[in-house]
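Subject: The structure, and what turned up in it

Hi,

Here is the structure I promised to pass on.

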Amino acid sequence: MNNEKLSQITEEFRRRFGTCTHVVFAPGRANIIGEHTDYNDGLVLPFAVSQGLYFAIGPAHTQKSQIFALDVQELWVTDLSGEDVPHPWCIYLLRALSAVGYTGSHFNLVFGGDLPSGAGISSSSALTCGFLYSLSRFASLHLDTADLLSLSVMAERGSGVRGGQMDQYTIIHGLEGHAILLDCKDMSAGFISVDPAYFQFLLINTRKKHHLVSTEYNDRRQDCDLALERIKEVDSSVSSLRDIHAGNMDSYMNVLSLPQSKRVRHLVHENDRVMQMVKAIKNKDLWTAGTLLYQSHQSLSVLYEVSCPELDFLVHWASGQSNIYGARMMGGGFGGCTINLVQGELSDAQKSQLSQSYSDSFGHAPEFIYIKPDHGLRAVL
Ligand code: GLA
């Protein structure tokens, strides 16, 4: 919990609107391994981070709602009809309102936090989930965690990105000190204890904004859909790409195009890597864990083709550092962060050396964000 941010939010609410009735926190999410597997019924191993967004909400007593985004200092005065969308973040709130079919009374809201946006740490899902939960508490909608998950996924798909459910699930269910082994085939989950004395994670943000809609996320998903259709034509027992495994994979390759076969190879091995990572975490086997991260990156870069020069640069740099066990791109790709398994903190010399060489290539320095598994969505007041 970032108490400074929290008091900034509540203080801003008090200054603008008086006393708030509810305060909610929604974290961002990291993912140790299992990338682009969620929408293919696969396995993922994410966790909620300590950084996130705070929401202070209270009654408006007027014919309009006022919503203030503290970090960007933008105010939205709205009748909630959806006709006015002055800032990009308003669209997330409007989609959430429409997903829940909100007809309740007007409210005032201040939100903000310490989650960088566009960094692949799911700031948009934190916004959607946190807003829905704030609204639920404010208007007594009694949304439970299953409602919050389905509504937030529905609201976000309205953006045109055919995302999976990993981000929202993690934000809602995060548990301090644990990663979530989520099986997206049936959404069953188990908590995996992550010993902080061994497993320390650092995000290095490329600071290249990724825009999932305008990138090839949906194209990758379509490759997978088409690959599944082709495989089903020759084997009707296959119901999702999760049914393909290392043992039967090669027998389907001749019905797939080259890009489709590359996507399927990534998925098969990435699902295996998730289970190997769980074992490595339980055994406190940092070397295996690190190797799995590098393998995952290679696969995402070469087979799934969702990396970019900035991410490849950062992973390559990590591979030369004696206090980094492994690294890979995290999230949808094309920008955002790498996740690094580190021993302690990077030295100032390491940070300035990387900042210099990265700036020489890309014109700006990267950002360093230490993360640990923390609790998910919660009521603060
Ligand atoms: C984005 C999506 C997730 C998931 C990842 C890739 O973060 O929102 O559902 O598909 O990309 O693993």
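S357 sits in helix 10, which covers residues 348–362. Please keep in mind that this is a predicted model. With a relative accessible area of 22%, S357 is partly exposed, because that class begins where buried, meaning under 20%, ends.

Now for the overall layout. The domain assignment of the protein gives two parts: domain 1, made of 3–193 + 375–379, and domain 2, made of 200–371. Their centres, taken over C-alpha atoms, are separated by 25 Å. To the contact between them, domain 1 brings 38 residues and domain 2 brings 48 residues.

That brings me to the ligand. Where does the ligand lie relative to domain 1 and domain 2? Both domains give residues to the shell around the ligand, so it lies between them. The residues that surround the ligand are R29, E35, H36, D38, Y39, G163, G164, M166, D167, Y217, G331 and G332. Sorted by class, this shell holds four charged, five polar and three nonpolar residues.

Some polar atoms are worth a look in your viewer:

- R29: a polar side-chain atom is 3.0 Å from an oxygen atom of the ligand.
- H36: here a backbone N or O atom lies 2.7 Å from an oxygen atom of the ligand.
- G164: a polar backbone atom is 2.9 Å from an oxygen atom of the ligand.

How much of the ligand does the protein bury? On its own the ligand exposes 300 Å², and the protein buries 94% of that.

Two of the shell residues, M166 and D167, also belong to the buried part of helix 5. This helix spans residues 166–173 and is mostly covered, with seven of its eight residues buried. Besides M166 and D167, the buried ones are Q168, Y169, T170, I171 and I172.

Next, helix 7, which runs over residues 258–282 and contains R263. Is R263 buried or exposed? R263 counts as buried, because its relative accessibility is 5% and the cut-off for buried is under 20%. The side chain of R263 reaches the backbone oxygen of L303 at 2.7 Å. Leaving aside neighbours within four places in sequence, R263 is in contact with R220, D223, C224, L303, Y304 and E305.

D272 is also found in helix 7. At 35% relative accessibility, D272 counts as partly exposed. D272 and D71 are 201 residues apart along the chain, and 40 Å separate their C-alpha atoms.

A few loop residues may interest you as well. H106 is found in the loop between helix 2 (90–100) and strand 6 (107–113). Its relative accessibility is 17%, so H106 counts as buried. A polar atom of the H106 side chain lies 3.1 Å from the backbone oxygen of Q63. Not counting residues up to four places away in sequence, H106 touches P59, A60, T62, Q63, K64, S65, T78, D79, L80 and F138.

Finally, which residues other than glycine have a positive phi, as F334 does? S140 is one, with a phi of about 50°, and F334 has a phi near 65°. S140 is found in the loop between helix 3 (123–138) and helix 4 (145–157), while F334 is found in the loop between strand 10 (324–329) and strand 11 (337–342). As for cover, S140 counts as partly exposed at 47% relative accessibility, whereas F334 counts as buried at 12%.

Best wishes

Methods:
Residues numbered from 1 in each chain as written. Predicted model: local features only at pLDDT ≥ 70, side-chain atom pairs only at ≥ 80, totals over all residues. Heavy atoms only, no water. Near = heavy atom within 4 Å. Polar contact = N/O pair within 3.5 Å; in protein donor to acceptor, adjacent residues only side chain to side chain. Areas by Shrake-Rupley, 256 points an atom, 1.4 Å probe, with all protein chains shown as cover. Nonpolar A, V, L, I, M, F, W, Y, C, P; charged D, E, K, R; others polar. Domains from an automatic or database assignment. Buried < 20%, exposed > 50% of the residue type's maximum accessible area, 1.4 Å probe, protein only. Helix = DSSP H or I, 4+ residues; strand = E, 2+ residues; numbered from the N terminus. Contact = heavy atoms within 4.5 Å.
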